[in-house]
Amino acid sequence: MIISLCCSKKGVTQNDYASSTLQSLAPFKIGAAISPYLLQNNPAYKQTLSEFNSITTENALKWGATQPSSKDNFDFSGADVIVSFCEASHKRIHGHNLVWYQYNPQWVNQFQGDSAAWDAIFKNHIQTLVSRYKGKISSWDVVNEAFNEDGSLRVSNCVWALHLGKDYIAKAFTYAREADPSVLLFYNDYGQENSPAKTAAILAMVKDFKQRGIPIDGLGIQMHININTPRDGITNVVRQFAATGLKIHISELDISVNPQKDKNLLYNQALQDRQSDLFYFVVHQYRTLVPSSQQWGITTWNVGDADSWIRHFNIKNDWPLLFDDNYKRKPVYAGFIKGFSE
Ligand code: G3I
């Protein structure tokens, strides 16, 4: 990939990395969440995945994708495309996710049954997925986003908490471990950098799991942040999570430059510089605050700006990732890479 643009105000040019990739420069795994559709239909997208040595399934392993229409009617077509690609290209696979309050199929949301019946569909789903990819998937987000911003457990909008009780999180980890004794099991959440209460709730959960012997191997910090996110909030969560001794994954990194959703905003130099500095800061904090034995890696949430959920859910004029709409490395790529060594 030949790039001629000059980028960082601190004097690093993208040309310095012309013959390297993120994965060849990084001291830990660098991942991307990906879509099987883009992998199969967009050659530039597929080519850009040579930058990464870890892959997360963005949507392909969620309940809505794997058991979409009815109980026990599993569909692994999307996930299998990703797994085959990763096996052929020797990339680690992180499974996302086994249990979430969102993106459940209609039949689950409408399911009628007592707690034993709910437990049966829950256990069957977890163990079917984990068993199918045993030895292929290295790690799973077992439970995703179980806590509210105030640190309370999400209950009223979570079918699992409503029907299985608050110990559904521990059950999920136990069922996953039964299905694969070797796979690493993560709890994954967002917003900890803005919510000390949520961070505290996750740490209390880890402590409780350790006391009760519930298996847990890692914590995912999603890190969907924006250029105004307070840096001390990022430092606090990375430092506190690292102190658990668990593996730490920055699991869904993107940096919005348009959190105010201004329809006329342009991606000007000042915004790019601020975003680049923040990418540097995140990578630097991760590298220096998380012991290397606990560094599961940093994963960005998709590849090019046009693939980002932010473009689909929030606003079209945002540029949250390291590659542009045509999969060219952006100037902020240099800021990210600087965090590997400086
Ligand atoms: O596949 C259908 C397609 O057939 C249809 O034409 C299209 C119309 O909108 O929808 C497509 O499905 C969408 C799917 O993404 C694939 O693009 C769903 O509607 C949409 O809800 C789904 O959104 C995903 C979202 O999670 C909900 O599952 C985003 O791509 C994904 O980036 C986002 O990821 C979450 C993490 O799992 C957890 N953390 C937050 C993160 C961002 O919201």
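Predicted model: local features only at pLDDT ≥ 70, side-chain atom pairs only at ≥ 80, totals over all residues.
In helix H11 the buried residues are Gly233, Ile234, Thr235, Val237, Val238, Phe241 and Ala242.

**Helix H11**
- The cover over the buried residues of H11 includes helix H10 (196-212) and helix H12 (269-289), together with strand E6 (218-221), strand E7 (224-226) and strand E8 (247-256).
- H11 comprises 12 residues (residues 231-242), which at 1.5 Å a residue should span 16 Å, and the 17 Å between its end C-alpha atoms agrees with that expectation.

**Strand E4 and its partners**
- Strand E4 (residues 139-144) is mostly covered, with six of its six residues buried.
- On one pairing, strand E3 (residues 92-100) runs parallel to E4 and is joined to it by five bridges, and here asparagine 144 of E4 is the bridge partner of tryptophan 100.
- E4 is also joined by five bridges to strand E5 (residues 184-189), again in parallel, with phenylalanine 186 of E5 as the bridge partner of aspartate 141.

**Helices H7 and H9**
- Helix H7 (residues 115-132) packs against helix H9 (residues 168-179) at an angle of about 40°, their axes lying 9 Å apart, which makes H7 oblique to H9.
- The crossing in which H7 passes H9 is right-handed, and the contact is made by Asp119, Phe122, Lys123, Ile126, Gln127, Val130 and Ser131 of H7 with Tyr168, Lys171, Ala172, Tyr175, Ala176, Glu178 and Ala179 of H9.

Key
Residues numbered from 1 in each chain as written. Heavy atoms only, no water. Helix = DSSP H or I, 4+ residues; strand = E, 2+ residues; numbered from the N terminus. Expected span 1.5 Å × (residues − 1). Buried < 20%, exposed > 50% of the residue type's maximum accessible area, 1.4 Å probe, protein only. Contact = heavy atoms within 4.5 Å. Pairing = 2+ DSSP bridges. Axes fitted to C-alpha atoms, helices over the stretch in contact; angles between N-to-C directions. Parallel < 35°, antiparallel > 145°, perpendicular 65-115°, else oblique. Left-handed = near helix turned anticlockwise from the far one by under 90°.
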